[in-house]
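Please examine the sequence and the structure displayed below. The explanation after them begins with the whole protein and then turns to particular parts.

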Amino acid sequence: MAQAGYNASKELPVPLAAALIALRLKSGDPPTTSRDQYKWPAINEIATFTRTNLPGSIDETHLNQLRLSERLDKVNIVRLSSYLKSAVNHGEAVKLSGVWKEYKDRLLDPAESEKHRNEIYAKILSACLRCERRYRTEILPDTIQDMMANIPKPMPTGIFNVILASRANMDDGDADLPEQEIGISDFSRRSVERGQLGSVWKSASTQGITKDVKSYMIYLEGLGRTGDLDQFQAVWNEFVNDTKCREAHGEGQWPPISAFNHMLSSAFVIGKVGPPFALDLFEKARQPGSSTPINMITINIVLRHHARMSDVSAMTTLFGLASQLNFEPDIITYTTLVQGLLRAKQIDRAKSVLDQMASKGMAPNERLCSMLIADLSKYGSRKGLTRAEEMMAQMKRKNMKVTVQAWTALISGYFRGGWEKDAWAAVKRMDGYGVRLNRVGYNILLQEGRHSDSDTPSESWPLKVFRRMIKDGVVPNDDTYLILLGPMVEKAKWNEADAVLVEMQRLRYYPTRGAVTSLVKRTHARSSRKI
């Protein structure tokens with residue numbers, strides 16, 4: 001029972017909580033801060049106070065035990081999110097499974113705050129799903145199955161959104177593959193994903209799940225990726241007419257301009273049929289009296305599409321429209337315009353826009369500079385590469401970090417244009433700045449060699465890049481071998497193909513993709529005939 005005169009509904013002061021835990025430990029009682037008569041402060045606050053005022057009274061082992069019993073409303077969400085993100089990035093499935101085991105009892109305890117239960121449940125499930133999708137682990141499928149089996153009924157909206165997002169992003173694992181090397185047909189893969197995504201969406205109606213604005217936006221983005229325009233239009237109309245979702249959203253424009261912009265952006269990626277649909281919607285929305293008045297973000301989304309198409313006339317018209325509507329172009333507007341001009345090979349006009357940006361105090365940041373260097377280097381022209389070098393020099397003068405992506409783009413441009421000596425000189429400069437290519441970077445460089453027409457008896461530069469990759473301790477993957485062996489086998493460069501297989505055997509690498517296995521077999525068969 002609580003002590004006489006103490007209000008148990010109030011949180012214990014940190015000094016009193018630390019002293020009480022210390023006394024419990026001294027008397028041999030187990031340390032705990034949940035499921036008893038007191039309302040405890042956060043364990044980290046107790047730990048900080050103890051280290052300063054009661055050193056040695058509660059050691060780290062006991063503090064970790066206390067964290068296992070801490071009320072969910074006292075959990076440091078920022079710290080937990082950071083821990084989960086790190087575990088996902090490093091593929092640490094054991095850690096993620098451990099987090100679920102640590103929190104499971106509290107997440108299933110109705111006495112805990114429902115809001116915090118749902119929030120933490122969603123974060124842990126999201127981390128597990130992302131890690132499993134990326135690394136295909138042995139331990140996480142069981143963990144995910146356990147989490148799915150214990151989801152509260154009806155399913156909370158936040159957890160539903162996590163599962164929906166997982167289905168909407170199923171092809172993330174192919175992000176670093178060369179586009180033409182995806183193993184199964186694009187139509188087949190998208191059909192499978194569309195069905196899985198749709199089944200999750202339908203479960204909202206059958207299981208009484210409440211959909212919010214985020215639910216609709218996730219589903220629309222997924223439909224955009226799978227190329228289903230008919231369903232895309234139907235879901236957008238369903239969203240606009242969803243009175244419950246509108247009431248939950250509150251006062252203000254409906255549909256919200258942020259939702260319209262998200263829908264527009266997703267529509268542009270639906271193959272050949274998406275852009276005309278998106279442009280038609282934009283034309284209607286920009287008319288006076290439209291129920292969905294556009295903003296500068298809307299302009300930027302459409303401008304990005306025209307930039308991809310290298311449509312300078314449409315970009316110029318859109319820029320004028322922004323001025324006519326009294327919208328102030330931002331750094332994204334200018335950068336997108338520059339990228340479109342570079343893709344249209346209008347380098348001087350792009351340079352003029354960059355100068356205009358500088359006059360407005362809108363100097364590109366590191367990320368945008370890297371993107372511009374990639375666009376300038378794209379075609380391997382001497383003029384574009386010279387501009388790319390100028391931008392890189394400007395970054396260095398401003399103490400901006402030149403990323404590995406920027407270096408990779410520059411070096412690729414030199415190789416693409418046939419400037420092999422300049423490419424290797426850039427590699428040497430990159431080394432001097434302490435930047436090292438990663439596997440994706442090396443694969444991009446090797447990709448440039450796929451269309452090399454060099455038939456000289458000397459070692460080709462793709463093989464030189466491959467040897468350097470091995471020397472740098474970067475482990476090749478199936479993509480590396482596919483990029484290398486494909487052209488070698490096609491052009492009957494058997495000596496080079498044999499050299500690649502020698503390294504593959506030395507590294508004890510066993511291909512998992514059928515296309516790579518086939519190339520290896522063809523090379524072995526040719527070698528056997530030569531003998």
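Predicted model: local features only at pLDDT ≥ 70, side-chain atom pairs only at ≥ 80, totals over all residues.

Residues are numbered from 1 along each chain as its sequence is written, and side-chain values use heavy atoms, with hydrogens and water left out.

The protein has 27 helices and zero strands; helices are DSSP runs of H or I with at least four residues, strands are runs of E with at least two, and both are numbered from the N terminus. Of the 531 residues, 46% are buried, where buried means under 20% relative accessible area, with a 1.4 Å probe and protein chains only.

The whole structure contains zero disulfides, a disulfide being a pair of cysteine sulfur atoms within 2.5 Å. Cys131 is in no disulfide, and the nearest cysteine sulfur, that of Cys128, lies 7.6 Å away. Cys131 counts as buried because its relative accessibility is 0%. Cys369 is also buried, with a relative accessible area of 5%.

Helix 5 (residues 93-107) and helix 7 (residues 140-149) have axes that come within 10 Å and cross at roughly 25°. Helix 5 is therefore roughly parallel to helix 7, a description used for angles under 35 degrees. Such axes are lines fitted to C-alpha atoms over the stretch in contact, and angles run from 0 to 180 degrees between N-to-C directions. Contact means heavy atoms within 4.5 Å; among the residues that make it are Leu96 and Trp100 of helix 5 and Leu140 and Met147 of helix 7.

Notes:
Buried < 20%, exposed > 50% of the residue type's maximum accessible area, 1.4 Å probe, protein only. Parallel < 35°, antiparallel > 145°, perpendicular 65-115°, else oblique.
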